[in-house]
Amino acid sequence: MQYIKNNKMLFSALCILLGFSIAGIYNNIKEFNMKVNAHEYKLNECKTNMKNESNSFSWCNEYIKWDGPKRSDAFFTFFDIIFDDHFRIIHLLLPVLIIMCSINRINNKLKNGYIKNELMRKKYNIYMIQEWFHSISHLLIIPLLFVFIFLVAFILTGNFDYKNSMLNFDPWVNPVFFDNIIFSIIIYFVNFLLHGVFIINIGYIMTKKGKGYILSVISSFIVYLGLWLLSETIFGYFIMRGILGKPELHNYFSFTTLWGYPLINNFLIFTLIQYSYALISSVIVYIIYKNKEEVIMASEK
């Protein structure tokens, strides 16, 4: 119980993510069941009307031979769920949840003055590195979220036959994603983790300048949304579309592509851009926190 109390923000975030995940999964099941029910209705309608030759449908003979709607494999079902309308709010909510979890402890220590007492027992650089890695550890909520959804997707489908799905279902996922499926999944997670580091760094930057936990979270999220808007407008439309005349490059800079990563062509470019976001923001965090005296003074305000 003490562990849960000390990590209440983390468990709150997990509960919120679980709730929206269940909503997305439920809607996916509901939509599939609607297709099954529609098929059964048409099937019964065909059988009824075929008894009356004058009102029989010409396509009924072929329709009766059809086994009805089938589910795709676990991979396609996974992506169907995370792009479900009930789940898409997580695309916007996940950044603020990451910020809330990751800066909670460092914010309390800075604003309550605890950091001064702890620095009497530890070297400043080591202390800050440990705090930063503690914040990074909260990114585990991302793979936990995806593993949960993927397990449910497998339970619903019972197979990993993505090749069959690409032949018999709408292949909206880039086939390149499946050339090396294990590598693609690893990179998919890595991109989320790199972007998570970027989000946490924004939280650290605003925490030092903020006047409290709530204001730090709000200001961090506003900055993130501002950068998101810049990625869509300045990089996406003005530079890529307007100056360079390459609109296809817009997706590589867009934060939204993080979720639709299997749709793009060059995974390496997108990963390098995410790495750049994480690296540049980490350097800024280092510059802001490198002076021990300034950090201590900030905790006394």
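Buried means under 20% relative accessible area, and exposed means over 50%. The views below come from a predicted model.

View 1. A disulfide is a covalent bond between the sulfur atoms of two cysteines.

**View 2. Packing of helix α4 against helix α9.** Helix α4 spans residues 74-82, and helix α9 spans residues 141-157. Their axes lie 8 Å apart, at an angle of about 125 degrees. The two helices are therefore oblique to each other. The crossing of α4 with α9 is right-handed. From α4, the contact uses Ala74, Phe75, Thr77, Phe78, Ile81 and Ile82. From α9, Phe146, Ile149, Phe150, Ala153, Phe154, Leu156 and Thr157 take part. Of the residues in this contact, 11 are nonpolar, two are polar and none is charged.

View 3. Tyr124 counts as buried, because its relative accessibility is 8%. Beyond its neighbours within four places in sequence, Tyr124 is in contact with Leu119, Tyr289, Lys290, Asn291, Lys292 and Val295.

**View 4. Tyr124 and Tyr289 across the chain.** These two residues are 165 residues apart along the chain. Their C-alpha atoms are separated by 9.9 Å. Tyr289 is one of the residues in contact with Tyr124.

Conventions. Residues are numbered from 1 along each chain as its sequence is written. This is a predicted model: local features need pLDDT of at least 70, side-chain atom pairs count only at pLDDT 80 or more; totals for chains, interfaces and linings use all residues. Side-chain values use heavy atoms; hydrogens and water are left out. Axes are lines fitted to C-alpha atoms, for helices over the stretch in contact, and angles run from 0 to 180 degrees between N-to-C directions. Helices (H or I, at least four residues) and strands (E, at least two) are DSSP runs, numbered from the N terminus. Angles under 35 degrees count as roughly parallel, over 145 as roughly antiparallel, 65 to 115 as roughly perpendicular and the rest as oblique. A crossing is left-handed if the near helix is turned anticlockwise from the far one by less than a right angle, and right-handed if clockwise. Contact means heavy atoms within 4.5 Å. Ala, Val, Leu, Ile, Met, Phe, Trp, Tyr, Cys and Pro count as nonpolar, Asp, Glu, Lys and Arg as charged, and the others, Gly among them, as polar. Buried means under 20% relative accessible area, exposed over 50%, partly exposed in between (1.4 Å probe, protein chains only).
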